[in-house]
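Hi,

Here is the structure for you to look over. My notes on the salt bridges and one surface patch follow below it.

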Amino acid sequence: MSDFMTTVAAVNDSINSFVWVRIGLVLLIGTGILTTILTGWFQITHIGHWFRKTIGGVFKPDAHVKHEKGSVSQFQALCTALAATIGTGNIAGVSAAICVGGPGAVFWMWVAAFFGMMTNYSENVLGIYYRRRNKEGEWSGGAMYYLQDGLGNIVGYEKVGKFLAVLFACFATLASFGIGNMGQINKITLNLESAFFSNVNSATVLGGTSVVNLMIGIVLMIIGGFIIIGGLKRIAAVAERVVPFMALIYVLGALIIMCVHITQVPAMFAAIFKYAFGIRAVAGGAVGVTIMTVFQQGCKRGVFSNEAGLGSSVMVHSNSNVKEPVKQGLWGIFEVFADTFIVCTMTAIVVLSSGYIDLSTGLVNEGVDDATLVAQAFGDIFGRPGQWFVAIAILLFAFTTVLGWSHYGSKSVEYLFGTKGVKVYRVIFVLMMISGAVMTSSLAWDISDTFNGLMMLPNLIGVIALSPVVVRITRNYIARRIDGKDEEPILSYFPDIQAEADEAVKRGEE
């Protein structure tokens, strides 16, 4: 059995390396650069516009009002997407990237996010444009639909589009059980156990399973089941309340740490740019870090965090009540901005200003554990409550990630098996949460990571192939909404939905 597991791990490592290192990161960054250039560097040239239409309008009623059955508000769609993207990667992932790749990894994380803004924008534009209603009257959209109806509508690519759509849905379903469920629950359990139950002599059951871990898993399963079985509306209602709160509190805590270490801030930012192109070996036998390692760590962790290019968050953005594809695309830009440029940057500041990274060499101090580095940094300033705070932050971050991914998996299963299959999927998804609490093997996470990357490949093929559609819709929006020209709006691939959306836009329901 051990030989079989070793073989599985070796095969998975090979596939993972190919997907993420040899082709994935190049394809991701390349798609971001392509969409950025084709849209005229939209995230910069229209920065004021997308800020006003997203966070600038968050207190306006139309960002929260649902005009129709089967949809959620634009703000709820954003919060649900952020719930899935703001997870353990924003804390442990950023910490690991810096420990492995040095301070320069943060620079490449920013670069990946900058171009990822337009990848995410393009996904959301295509998601709204190609969406349709299911039998229950709920919007269904995502990479599988624009692969099927977009790429599949190109002469000679009909079967290719359908094949890639099915492939994406299969990989998304499998990834939802791993990184979207068991991986997050496992991180929650380990952190809660370390922060609150480290002095408890826990009994074991079922061949060595900790009773504490099992009980944590059962509690999380009950809470998760109540929310997830209720569907998107219940998930969105929870996300709308939890996500802004948890993000603001975490950012506030990080800012306090930055203020305490304010004298380190100049050196910290200098180290980020200084070591963006690798760390040379220093005296004493310390091993340097190559530019490729720095680049891979920064880009990979950035993508893990904001998910731009994976085609995942578009599945919830497509449920928005918005009629203008570009308008939801703007929320996609903000999603990446909030996740990486705000939350991940705050974690980087905490790590780099903590004293556990030698800013003069760019290397991590001996004996530092990247898994607990952020908790240590908070503990140094706030004492034991600081470590509790990080454990609770990971609980909220990771648990809302589970909620968001349950919707992604639901939409993938709906595409493959119809709405009846979704109910079965949700029950299985909830039951699998206990497995995450008691699992100890890291192979499950590694395999899930591979499926996460495999989702990306068909999605990016679709985004690249349909980039002319994105450009056409974007130019139409700019002409009408920004330049004030009188043009017919481009709102949907389907004539009946186009006519319905056009009427709604005329009524002011955008």
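Predicted model: local features only at pLDDT ≥ 70, side-chain atom pairs only at ≥ 80, totals over all residues.

Arg481 is partly exposed, at 31% relative accessible area. Its partner is Glu324, and their side chains meet in a salt bridge at 3.1 Å, N to O. Glu324 is buried, at 1% relative accessibility.

The salt bridges come to 6 in the count. Another one joins Lys411 and Glu138, at 2.8 Å from N to O. This pair also links distant parts of the chain, 273 residues apart. Lys411 belongs to helix H16 (residues 384–417). Glu138 lies in the loop between E1 and strand E2 (139–140). Lys411 is buried, with a relative accessible area of 2%. There is a network here too: salt bridges link Glu138, Lys411 and Glu414.

Next, Asp149 and Arg132. Their closest N and O atoms are 2.2 Å apart in a salt bridge. Asp149 is in helix H7 (residues 143–149) and Arg132 in strand E1 (residues 132–133), 17 residues apart. Are these two buried or exposed? Asp149 has 13% relative accessibility, so it counts as buried. Arg132 has 19%, so it counts as buried as well.

Last, the surface. Ile33, Ile37, Trp41 and Ile44 make a nonpolar patch of about 360 Å². Of these, Ile37 lies in helix H1 (residues 2–38).

Best wishes

How values were computed
Residues numbered from 1 in each chain as written. Heavy atoms only, no water. Patch = residues over 30% accessible without salt bridge, like charges linked within 9 Å, V, L, I, M, F, W, Y side chains within 5 Å. Areas by Shrake-Rupley, 256 points an atom, 1.4 Å probe, with all protein chains shown as cover. Salt bridge = Lys/Arg side-chain N within 4 Å of Asp/Glu carboxyl O. Helix = DSSP H or I, 4+ residues; strand = E, 2+ residues; numbered from the N terminus. Buried < 20%, exposed > 50% of the residue type's maximum accessible area, 1.4 Å probe, protein only.
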